[in-house]
Structures are given as structure tokens and as C-alpha cells.
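Morning, everyone. I have one structure to go through today, and I will keep it short.

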Amino acid sequence: MKEDSLSYKTYLEIRKKILSNQLIGGMRLVESAWAKKLNVSRVAIREAFMRLSGEHLIEFGEKGGCFVKKITPDDIKEIRELRELIEVGALKILFSKKDSSVIRELELICDDFSSMVEKGYYGGACEADVRFHEKIIESTGNERLVNIYNNSNIPLFHLKLGNALSHMDDYKQTDNEHRKIVEYLKKGKLKESIDTLIEHLDRGEKESIEF
């Protein structure tokens, strides 16, 4: 595999872990450790870090070192507002499509989330949470909307891997809210689905700021 392909694969893997909160703000990213972990060269890691830095997901310290960029309360507020604008619009498009296959895919993601939590695979649960929201966006079939979402690098801002055991209620509430969003869509209750989504995002904002 070419070095640029390895760099891109590395970029995607680290980006996924940042957006799913497996790598939290302030965490140091050690070049040599990631090269060993992902079995790639340090050149590939360095190139991935530069790309992530350009997307404001990581930053370089004044005295050296690379760190996941911290999210401020203002960042969290803006993220929640952006997610509401994008995801409410996406739900409206999904509702107009009446595609039962999308509903089934969302249900399977919910099942995957539940299974991960039950087994204690909290990193996998965080990734399943991100997939749930990505699937809502992607299933609209609106390429411009998908590009806006992807280019915004919207992180999961409430579930935190490092605090999984002490925040089990958050995982349970997330599971319940996701399932309600899907169930309301399935029953043709768009308003209730949107209301649940907004409550879900509002709770995530509140708990992230309090954390």
C-alpha cells in the first residue's frame, strides 16, 4: 500500500476515535506509539497529524507534542446548534422518503450500541452512537448535506469512554432516545421524532458542559 494511502487510513482511524470521544480533549498523541499501534510508519502518522491539525481536531503544543484539541463550553453550544439544524432537516427528508430499509438499519445500529454497552465495549458503543447520527444524514441521499456534515467534523460531545462506568445512566438514556427517534419515524410521527432528537441533543450539551 502506498504511503499516502497509509496516511489517509491512519487519518481516518484517529479522526474516528476523536469524533467518538475515545480520544478526549487534551490527550497527548505520541507519534511512535500510534505508528506501532496502527503498524504504519512515523511519516504516515506525521502526515495524518498535519491533516487533523488543519481540521482543528488536534493541535501542536508550544513546547512540542501533539494533543487532541479541547472543546470549550462555547464549542459545545455551537456544535449542538449545528447538529440540530442538520439532523432535524435530515429527519424531515427521511420521513418524506418512507424507506423502511433505513429504519431497519437504524434499529440494527441501536442493537449494536446496546450490545456493546452490555459487553463493556464502551469504545464500540461510542462509535455506534456516531454511526447512528451519520446514518440519519447519509440516508437522506443529499450529497451537499452529507458534505456539510462531514466537513464540519462534528464530534460526539456527551458520551465519554473514560467515564463509562460512572456514567452508565447516560449510555442507557442514549439508547432509549435513539430507539424512540426511530420508533416515532417508523410510526409516522415526525414531530415526536424531532422533539426526541432535540431533547437528546439538549441533554448532551448540558451534561458535557457540566462535565
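I will start with the overall fold and then go to the cores.

This is a predicted model, where local features need pLDDT of at least 70, side-chain atom pairs count only at pLDDT 80 or more, and totals for chains, interfaces and linings use all residues. Residues are numbered from 1 along each chain as its sequence is written, and side-chain values use heavy atoms, with hydrogens and water left out.

The chain has nine helices and two strands; these are DSSP runs, with helices being H or I of at least four residues and strands E of at least two, numbered from the N terminus. From the N terminus, the order is α-α-α-β-β-α-α-α-α-α-α. The radius of gyration is 18 Å, close to the 17 Å from the globule rule for 211 residues, so the chain is as compact as a globular protein of that length. That radius is taken over C-alpha atoms, and the rule is 2.2 Å times the number of residues to the power 0.38.

Of the 211 residues, 44% are buried, meaning under 20% relative accessible area with a 1.4 Å probe, protein chains only.

Now the cores. A nonpolar core is a set of buried Ala, Val, Leu, Ile, Met, Phe, Trp, Tyr and Cys residues joined through side-chain atoms within 4.5 Å. Which residues touch the most other members of the largest one? They are Leu91, Phe132, Ile136 and Ile137, in a core of 27 residues. Helix α4 gives the most to this core, seven residues. A second, separate core has 18 residues, including Leu19 and Ala44.

Definitions and conventions
Buried < 20%, exposed > 50% of the residue type's maximum accessible area, 1.4 Å probe, protein only.
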